[in-house]
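Welcome, and thanks for opening the viewer. Get your selection tool ready, and we will walk through the model stop by stop.

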Amino acid sequence: MTGIDTPAAATGIVGIDIGGTKIGGLLVSDAGVVLARGSVPAPASLGGAAMADAAAGLARDLAARADVYLTAVGVGAAGVIDHETGTVRAASATFVDWAGFPLADALESRLSVPVRVENDVNAFLLGEVAAHDRSEHDVLGVMLGTGVGGAVIIDGELRHGPHGAAGEIGHTPGYSDHVCTCGQTGHLETLASGTSIGRRYAERVGGAALDARVVAEHARAGDQHAIAVFRAAGRALALACASAATLLDLPHAIVGGGVSSAWDLLEPAIEETLRTDSPVSGLPLRITPARLGGDAVALGAIETARRALVLVDAGRT
Ligand SMILES: [Zn+2]
């Protein structure tokens with residue numbers, strides 16, 4: 001077989017989801033088909049270079065397994081990200097040597113392909129919107145995980161804001177008297193994060209804070225304290241979404257993260273709140289659970305890389 005007879009090699013884009021404990025990856029063909037997936041432990045305590053080594057190794061492994069050439073890599077990473085340079089601006093203490101780390105440059109030098117980096121919640125929202133309804137141009141995203149993150153798409157584009165912090169709905173005030181992880185008081189996160197659900201339940205019944213999943217099991221078994229904790233989370237979430245939707249005329253909020261798996265427990269308070277606190281536009285606000293599960297961040301990262309490649313190609317012609 002000569003090179004002339006060899007069909008053009010298939011190409012694909014890898015999306016990488018970098019968290020504090022795990023780095024997950026998906027390889028997607030140009031037609032949008034997932035060809036390979038995998039994950040490796042995140043060496044967050046060893047610094048940015050070790051994280052970049054692990055992420056690059058995962059991308060190479062996925063490409064080799066699917067036998068495709070990589071054309072680009074997209075990354076959704078925890079922390080405040082400068083999406084234009086792909087540098088991490090700020091990060092939690094879990095990540096050693098992460099704030100200031102030039103993640104896109106580090107990956108480009110290891111993989112020799114263009115790399116785009118987004119904040120993981122931004123990537124989550126882009127993934128959800130791109131996968132399910134490309135006609136949706138104005139949407140709020142909320143991630144109920146260890147903390148509460150947010151993102152906003154306006155006119156079909158992620159809105160980053162001058163400091164990369166647009167959409168951070170988890171740290172909007174007025175929902176409780178509890179101290180937030182950020183040190184301020186009353187933020188949405190103090191009622192709606194997985195950590196807070198565990199703490200609020202422990203305050204009612206005593207004992208150590210439980211995992212939110214365990215509190216959800218108690219609620220489903222009829223525990224009124226657990227039900228009340230989820231009701232408070234659902235109501236605060238809906239009020240925060242209604243405020244954002246009113247301010248920006250957003251018809252839809254997509255809610256993901258681990259806590260959203262307890263949608264059956266959140267939904268009654270969400271629906272009740274939306275009946276009394278709807279946007280002034282008169283149009284109903286929809287608040288729905290995310291549908292991609294754990295793949296959303298990686299798929300959104302791929303969408304970020306794909307959009308950047310289109311821009312580069314357009315610039316060449
Ligand atoms: Zn806060």
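How are the donor residues of the zinc ion spaced in sequence? Their pattern is H-x8-C-x1-C-x4-H. Keep in mind as you look around that this is a predicted model.

**First stop: the metal.** Select the zinc ion and show the side chains of His171, Cys180, Cys182 and His187, which coordinate the ion at 2.0 to 2.3 Å. The histidines each contribute ND1, and the cysteines each contribute SG. Check the angles among the four donor atoms: they run from 99 to 117 degrees, and the site is tetrahedral.

Now colour two of these residues by accessibility. His187 has a relative accessible area of 3%, so this histidine counts as buried. Cys182, at 39%, is partly exposed.

Switch to cartoon view and find the open sheet of five strands, ordered 3-2-1-4-7 with mixed pairing. At its edges stand strand 3 (34–41) and strand 7 (115–119); each has a single partner strand, so one side of each lacks a neighbour in the sheet. Look along the strands, and you will find neighbours turned by 20 degrees against each other on average, direction ignored.

Zoom in on strand 2 (residues 22–29), which runs antiparallel to strand 3 and is joined to that strand by seven bridges. Select Gly25 here, and you will see Gly38 of strand 3 opposite.

**Last stop: a helix on the sheet.** Select helix 3 (residues 120–132), which packs on the sheet and touches strand 4 (69–77) and strand 7. The direction of helix 3 makes about 100 degrees with that of strand 7.

Methods:
Residues are numbered from 1 along each chain as its sequence is written. This is a predicted model: local features need pLDDT of at least 70, side-chain atom pairs count only at pLDDT 80 or more; totals for chains, interfaces and linings use all residues. Side-chain values use heavy atoms; hydrogens and water are left out. Donors are N, O and S atoms within 2.8 Å of the metal (3.2 Å for Na, K and Ca); water is not among the atoms, so sites may look incomplete. Four donors count as tetrahedral if all angles lie between 85 and 135 degrees; four count as square planar and six as octahedral if opposite donors are over 155 degrees apart and all others between 65 and 115; anything else is irregular. Buried means under 20% relative accessible area, exposed over 50%, partly exposed in between (1.4 Å probe, protein chains only). Two strands pair if DSSP finds at least two bridges between them. Helices (H or I, at least four residues) and strands (E, at least two) are DSSP runs, numbered from the N terminus. Axes are lines fitted to C-alpha atoms, for helices over the stretch in contact, and angles run from 0 to 180 degrees between N-to-C directions. Contact means heavy atoms within 4.5 Å.
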